[in-house]
Amino acid sequence: MKRFIGFVKKEFYHIFRDRRSLFILFGMPIAQILLFGFAITNEINNVDIAILDHSKDATTKEIINKIAASKYFSIKQMVTREADIASVFQKGHVKAVLNFEKDFSKNLIKEHKATIQIITDATDPNTANTISNYVNAILQQYQKEVNKEIIIAYQIVTETRMVYNPELKSVYMFVPGVMTIILMLVSAMMTSISITREKELGTMEILLVSPLKPFQVIIGKVFPYIFLSVINAVVIVVLSIFIFNMPIQGSLLLLALESVLFIISALALGILISTISATQQTAMMISLMGLMLPVILLSGFIFPISSMPIPLQVISNIIPAKWFIIIIKGIMLKGVGLQYIWKETLVLFGMTVFFIALSIKKYKIRLE
Amino acid sequence: MSISVQHISKSYKNVKALQNISFEVKEGELFGLIGPDGAGKTTLFRILTTLLIANEGTATVAGFNVVLDYKNIRNSVGYMPGKFSLYQDLTVEENLNFFATIFGTTIAENYDLIKEIYVQIEPFKDRRAGKLSGGMKQKLALCCALIHKPKVLFLDEPTTGVDPVSRKEFWEMLKRLQQKDITILVSTPYMDEAELCDRIALIQNGEILEIDTPAEIVKHYPKKMYNVRGDNMYKLIESLKAYEHQYSVYPFGEFVHYTDHRTDFDTESLKDYLKTKGLTDITIATTQPTIEDTFMELAK
């Protein structure tokens, strides 16, 4: 035990004396959570649109006012001729043009029908879709207000309620994902270079010619990083609560314990990479390139797993991040307790044990 | 026997690093492996310190088989690799403490053993190991290899890249350690250090050329050795090499070590020859062959 403590102490010296790595270790998560939280979002705000109003009557004015009043759109310019629409788009600022037909009010009253054409710039299909949905929603709302007194027979009214994230804030979706990615990458990267560093510096030679056992080296390397990664996790949660108003519905304690479990599994994966690669560079490449893409693409963070082809769905099961995202979303957004996520927890636990056991087995007791 | 090596061979992909090596080191002996870079010294050290497995042959260290009882060996030997292998970002004291701890001991427990060496680096005990000079690094590495009172000490080229004064001090330390019943196997490319060992093995291209005490080894030199001196060193070497009866010509400090093919060689004829080449101040005198001469002869 004394040997183990001595080894852990040595690891802490390494970590705290390498200022640059320490800065990356703590700086990167903060930068990433802010970037993801603010920059990457599915919501639209203050989108520039243009109006082509052929009728210029009371109704169109009212609708235009409603659109202008919403925080989603700002009316950039008025277009007078249909021929100008193309050039408006080409300039690039305006993402949509609303084209009101001639005699809009008159048609509405006479024929109970009037048309607005929504032309969107679909170079970015997601935004185009969202804009069109938002405009539609505003128009629906307006229609409802106008038709308040009129009773229409046979009408199916859909009433949508978005639970757990009623405002559809994308940050709610990103925070758990980003937290997962950061903990995975930072943890795995840090430990993945720790054994290869000893190999490269030649200190592995004297560590091997000592009574230290493989498990003491492996666990001793993982141990200090648990503390550092927990600090990281706390920073991320605090940032998401205070900057993004992320609600934590479930138990904070459960969240903390699950996070520690996930951190250990990521560290164990890093150690495994470290035991099988010869140089720091290889280890870094494997942990960055080899982990980053699967974690981002196959964990369900951005793309829903259920809409992937079956082979990818199967592969996604071996990615620890997938299980942690399920767990963390459950705790943060749904407020569920352990009884709903024990299966995922068990999977993560099993993976951790597997990674550590494999690392100890793969640890070379000799130089060859 | 403290170290016993029997018919060890080791080859990497295309290179035969060691070929049928056998030798024994007695308890408390200071045994030197002398040979140029690439002779296979480091490979042999790594086999004996259980870091590599030989393709053929067996070896024991402190009575333990290097393959089967590797754990026991790792407990009871000290190893100082050729490349400086301490933690550069740890201070002198932290390094020493770390190695004491992982061997289950403390600095205080074996302080006697390292005292003489450690007092020299103690003033810098808070300095990081990476910031030490070459000689200091070697002393620290020796301390770290000694801190658990090993039975056998393996030193792979401990004085390479170290200044002459530190080298001399280092060897004096080894002599003192020997008094404390520690068997030492040391390798070096420097022939002058060979004379400080009890016995040496000359090794080249993975083969042992000769094993004996330094005094005996030079006796094996087959020729009579002459110190030749002249006013122009370069011209002297060129002329001697061109001489039809020369057997070997090696520069040695201010002299040239010369041997002749003929058994009835007389120095006057050589002197005359050198004079015709335009050299002056020529002196020729017999001298003792050195280990370097012997090595060059055996390596021919």
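At the start of α3(A), the backbone nitrogen of A:Thr59 has a side-chain oxygen of A:Asp57 within 3.3 Å. This is a predicted model, and the contact is read from its atoms.

## Helix α3 of chain A

Helix α3 covers residues 58-69 of chain A, twelve residues in total. From first C-alpha to last, α3(A) reaches 16 Å, close to the 16 Å expected at 1.5 Å a residue. Its buried residues are A:Thr59, A:Thr60, A:Ile63, A:Ile64 and A:Ile67. Seen down the axis of α3(A), these buried residues fall within an arc of 130 degrees, so they line one face of the helix. A:Thr59, whose backbone nitrogen lies within 3.3 Å of the A:Asp57 side-chain oxygen, is one of the buried residues.

The other side of α3(A) carries exposed residues: A:Ala58, A:Lys61, A:Asn65 and A:Ala69. What do the buried residues of α3(A) pack against? Their partners in chain A include the strands β1 (47-53), β2 (73-79), β3 (96-100) and β4 (116-120). The helices α5 (104-111) and α6 (125-146) of chain A are partners too.

## Helix α6 of chain A

Helix α6(A) has 22 residues. Its reach from first C-alpha to last is 32 Å, close to the 32 Å expected at 1.5 Å a residue. Buried in α6(A) are A:Ala128, A:Thr130, A:Ile131, A:Val135, A:Ile138, A:Leu139 and A:Tyr142.

The buried residues of α6(A) pack against α3 of chain A. They also pack against β1, β2, β3 and β4 of chain A.

## Domains of chain A

Chain A is divided into two domains: domain 1 (2-40 + 169-362) and domain 2 (47-146). The centres of domain 1 and domain 2 of chain A, taken over C-alpha atoms, are separated by 48 Å.

## Aromatic pairs

Over all chains, the structure holds 18 aromatic pairs. One of them joins A:Tyr72 and A:Tyr134: the ring centres are 4.5 Å apart and the planes stand at 75 degrees, so the pair is edge-to-face. It links distant parts of the chain, 62 residues apart. A:Tyr72 sits in the loop between α3 and β2 of chain A, and A:Tyr134 sits in helix α6 of chain A.

A:Phe262 is buried, with a relative accessible area of 0%. A:Phe324 is buried as well, with a relative accessible area of 0%. Elsewhere, A:Phe4, A:Phe12, A:Phe16, A:Phe223 and A:Phe227 form one aromatic cluster.

## Positive phi angles

In chain B, B:Ala62 has a positive phi of about 55 degrees, and B:Ala62 is not a glycine either. B:Ala62 lies in the loop between β4 (56-61) and β5 (64-65) of chain B. With 24% relative accessibility, B:Ala62 counts as partly exposed.

Notes
Residues numbered from 1 in each chain as written. Chains lettered and ligands numbered in written order. Predicted model: local features only at pLDDT ≥ 70, side-chain atom pairs only at ≥ 80, totals over all residues. Heavy atoms only, no water. Helix = DSSP H or I, 4+ residues; strand = E, 2+ residues; numbered from the N terminus. Expected span 1.5 Å × (residues − 1). Buried < 20%, exposed > 50% of the residue type's maximum accessible area, 1.4 Å probe, protein only. Arc of directions from axis to C-beta. Contact = heavy atoms within 4.5 Å. Polar contact = N/O pair within 3.5 Å; in protein donor to acceptor, adjacent residues only side chain to side chain. Domains from an automatic or database assignment. Phe/Tyr/Trp six-rings, centres within 6.5 Å; stacked < 30°, edge-to-face > 60°.
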